[in-house]
Amino acid sequence: MFPNLLSCLFGISMVAFKNQQIVPDLIDTVPKDLIQIKYPSGVSVQLGNELTPTQVKDEPTVYWPTEVGALYTLAMIDVDAPSRANHTWRGVKHWLAVNTPHTNTKFAYTLADYMGSGPPKGSGLHRYVFLAYKQAHRIGGMDPDNDNRLNFDINAFAKQYDLGQPIAGNFFVAQWDQSVED
Ligand SMILES: *[C@@H]1O[C@H](CO)[C@@H](O)[C@H](O)[C@H]1NC(C)=O
């Protein structure tokens with residue numbers, strides 16, 4: 001018997017999420033589906049590939065498998081702030097959008113605008129994780145906040161808004177280069 005292609009892909013992301021310790025550093029279970037993420041610079045996110053701050057400076061387009069009529073939350077988190085060894089600021093909220101219909105973030109309610117990677121000099125590779133959650137209901141009563149990005153707890157947020165476990169994910173790594181200063 002040939003292995004089912006989907007379970008094969010799931011196996012690959014399972015290995016990547018665990019090898020890079022996204023599970024358990026950020027989430028408890030590996031999401032079943034991948035989020036496809038493409039940047040205007042031409043690069044895409046591939047389960048832990050290294051991208052430069054310049055390549056990920058502008059908001060990407062994202063896609064994940066959805067159900068018609070459902071609403072989704074999308075988050076991007078830096079797990080390694082200020083570094084992988086020091087979690088004082090874990091996690092940093094780089095992007096947070098709720099009530100996203102049909103996987104199109106253009107129509108989402110954005111609570112934190114997309115912010116590219118700007119890891120501090122000498123802090124090594126940071127893991128930037130994208131997570132998509134299927135919402136149980138529409139989320140309301142919150143104002144956008146682009147100022148307080150440190151120590152964002154995606155698990156507390158998911159619990160507060162009944163998001164359950166993430167249904168899709170992906171991640172890349174990035175480190176400081178001169179462009180961060182510029
Ligand atoms: C961890 O990072 C914080 C923030 O930069 C810093 O204040 C603290 O001294 C660091 N801790 C260690 C053990 O390096």
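1. Let's start inside. The largest nonpolar core holds 28 residues, and F17, L26, I27, I154 and F157 have the most contacts within it. By nonpolar core I mean a set of buried Ala, Val, Leu, Ile, Met, Phe, Trp, Tyr and Cys residues joined through side-chain atoms within 4.5 Å. Elements giving two or more residues to this core are α1 (5-19), α2 (22-25), β5, β6 (92-101), β7 (109-112), β8 (126-134) and α3 (154-160). A second, separate core has 21 residues, among them Y39, W64, M76 and F172.

2. A word on the source: this is a predicted model, where local features need pLDDT of at least 70 and side-chain atom pairs count only at pLDDT 80 or more, while totals for chains, interfaces and linings use all residues. Residues are numbered from 1 along each chain as its sequence is written, and side-chain values use heavy atoms, leaving out hydrogens and water.

3. Now the overall layout. There are four helices and nine strands in the chain, in the order α-α-β-β-β-β-β-β-β-β-α-β-α. These are DSSP runs numbered from the N terminus: H or I of at least four residues for helices, E of at least two for strands.

4. On size, the radius of gyration is 16 Å, which agrees with the value near 16 Å for a compact globule of 182 residues. It is taken over C-alpha atoms, and the globule rule is 2.2 Å times the number of residues to the power 0.38. The C-alpha atoms fill a box of roughly 50 × 45 × 30 Å along the principal axes.

5. Back to F17. Apart from residues up to four places away in sequence, F17 touches I22, V23, I27, V30, P31, L47, G169, N170 and F171; contact means heavy atoms within 4.5 Å. Of the chain's contacts with a separation of 6 or more, 73% are between residues 24 or more positions apart.

6. Next, V68, in the loop between β4 (61-63) and β5 (71-78). V68 counts as exposed because its relative accessibility is 77%; the cut-offs are under 20% for buried, over 50% for exposed and partly exposed in between, with a 1.4 Å probe and protein chains only.

7. Finally, A174 in strand β9 (residues 168-174). A174 counts as buried because its relative accessibility is 0%. Beyond its neighbours within four places in sequence, A174 contacts L51, S117, P119, G124, L125, H126 and Y128. Across the chain, buried residues make up 46% of the 182.
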